[in-house]
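Colleague: Thanks for sitting down with me over this one. Could you walk me through the fold, a piece at a time?

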Amino acid sequence: MGQHLFFFLAPELQRVPDGLGPTSQLGLKPSAMKAAHDRCREELECFFLSPREQANNPSTLLIAAHPDDETIGAGALLRRRPNIKIIHVTDGSPLNAGDALAAGFTTREEYAEARRKETVQALAQAGIREDAITNLQFTDQQLSFQLKEVTERVLAVVRQFQPEVVLTQAYEGGHPDHDSVAFACQMARRAASFCLCEFAGYHAGRAGMEIYTFLPRAQQTQYAYRLNAGERELKIRMIKGFTTQERTLQPFVQPEVETFRMAPQYDFTRPPHEGKLWYENFNWGTDGATWRKMASQTLGEILHP
Ligand SMILES: [Zn+2]
């Protein structure tokens, strides 16, 4: 996977420093920042211990844009977090019914319902009960245009569940909805206290889409967990459970590793990397320049209401 793995923290947990130190959390004094950083690092280092090995079982909220993102990013982790709650921000069904029709449904609502059902079944394999899954019912591919509403809903959810850890998506230009969720979580952290961690999704690379890894410019220590045989099988079964997404998820069906890190402090007015973003290869609702314009506007509304 192009990374040098070393420094064993737990039997199968490896730490990957990538050069720079931790970035600061806005508004915190250096001593408080260090304490928050240390606490987050400890949380991350516990991610792959079994529930019995964990000193405490921190309440964890996984917030993802689409049903299936949690499986791609953290499918093997889910089973080790029996009390994890999953929040899907969108129903996975775009306004344009093209995806619904291609999957054999006649309306976007039918398609959304099919995605909901398959998600419940896929996550049940990792021991996640239906009542631990919440859908915020935004429309797929529309989050860029509702960044303020998404942020408010995410903050409301965080206040409701009071998690110690929020695990979410990285700002990486893979999908505009993923970047929007990264934005919302980062904004929510300004108003609530939790440890914000990320799972790796996908983004543009030199030779096409890069998966299961963060962008190389990341300034955070990364924690790469190599799946054992049982976890690989489980994750493959879960991925295959998303039958409406069979073609989209094809690149992910040989999972080897899941990668996590503390969320960096992003500047959402700048692109996540130079060059064409992965989602600019598709008609997924927006392009990078429009997304950043929406983000700048929303930042203005949130920071200077
Ligand atoms: Zn997604």
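Modeller: Gladly, and let me start with a term: two strands pair if DSSP finds at least two bridges between them. With that in hand, threonine 168 stands opposite glutamate 198 in strand 7. Please keep in mind that this is a predicted model.

Colleague: How many helices and strands are in the chain, and what share of its residues is buried?

Modeller: The chain holds 8 helices and 11 strands. Of its 305 residues, the buried ones make up 45%.

Colleague: What pLDDT does the chain average?

Modeller: A score of at least 70 is reached by 90% of the residues. Residues 1–26 fall below 50, and beyond near neighbours in sequence this stretch has 47 contacts in the model. The average over the chain is a pLDDT of 88.

Colleague: Is strand 6 enclosed or open, and how many of its residues are buried?

Modeller: Strand 6 covers residues 165–169. It is largely enclosed by the rest of the structure, because the buried residues number 5 of the 5.

Colleague: Which strands pair with strand 6?

Modeller: Strand 3 pairs with strand 6 in the parallel sense over 3 bridges, and there leucine 61 has valine 166 as its bridge partner. Another parallel pairing, over 5 bridges, joins strand 6 to strand 7. The partners are therefore strand 3 and strand 7, by the rule that a pair needs at least two bridges.

Colleague: What is the hand of the crossover from strand 6 to strand 7?

Modeller: Strand 6 and strand 7 are parallel. Between them the chain passes through helix 6, and this β-α-β crossover is right-handed.

Colleague: Which residue in strand 11 is the bridge partner of glutamate 198?

Modeller: Strand 7 (residues 195–199) pairs with strand 11 in the antiparallel sense over 3 bridges. Strand 10 also runs antiparallel to strand 11, joined by 5 bridges, and its glutamine 222 is partnered with arginine 261. For glutamate 198, the partner in strand 11 is likewise arginine 261.

Colleague: How many residues of strand 11 are buried?

Modeller: Strand 11 spans residues 257–262 and is mostly covered. The buried count is 5 of its 6 residues.

Colleague: Why do the buried residues of helix 8 line one face, and which helices do they pack against?

Modeller: The buried residues of helix 8 are Trp291, Met294, Ala295 and Thr298. Seen down the axis, they fall within an arc of 100 degrees, so they line one face of the helix. On the other side, Ala289, Ser296, Gln297, Gly300 and Leu303 are exposed. The helices that the buried residues pack against are helix 5 (147–161) and helix 6 (176–191).

Colleague: What is the phi of glutamine 141, and what is that of tyrosine 212?

Modeller: Most residues other than glycine have a negative phi. Glutamine 141, in the loop between strand 5 and helix 5, is buried, with 26 other C-beta atoms within 10 Å. Tyrosine 212, in the loop between strand 9 and strand 10, is buried too, with 20. Phi is positive in both: about 75 degrees for glutamine 141 and about 60 degrees for tyrosine 212.

Colleague: Is serine 59 buried, exposed or partly exposed?

Modeller: Serine 59 lies in the loop between helix 1 and strand 3, and it touches Asn83, Phe161, Gln162, Pro163 and Glu164, leaving aside residues up to four places away in sequence. Its C-alpha is 6.7 Å from that of asparagine 83, 24 residues apart along the chain. Because serine 59 has 16 C-beta neighbours inside 10 Å, it counts as partly exposed.

Terms used. Residues are numbered from 1 along each chain as its sequence is written. This is a predicted model: local features need pLDDT of at least 70, side-chain atom pairs count only at pLDDT 80 or more; totals for chains, interfaces and linings use all residues. A residue is buried if 20 or more other C-beta atoms lie within 10 Å of its own, exposed if 12 or fewer, and partly exposed in between; C-beta atoms are placed from the backbone. Helices (H or I, at least four residues) and strands (E, at least two) are DSSP runs, numbered from the N terminus. pLDDT is the predictor's confidence in each residue, from 0 to 100. Two residues are in contact if their C-beta atoms, placed from the backbone, lie within 7 Å. The arc is that of the directions from the helix axis to the C-beta atoms. A crossover is right-handed if, with the strands pointing away from the viewer, the path from the first strand over the helix to the second runs clockwise.
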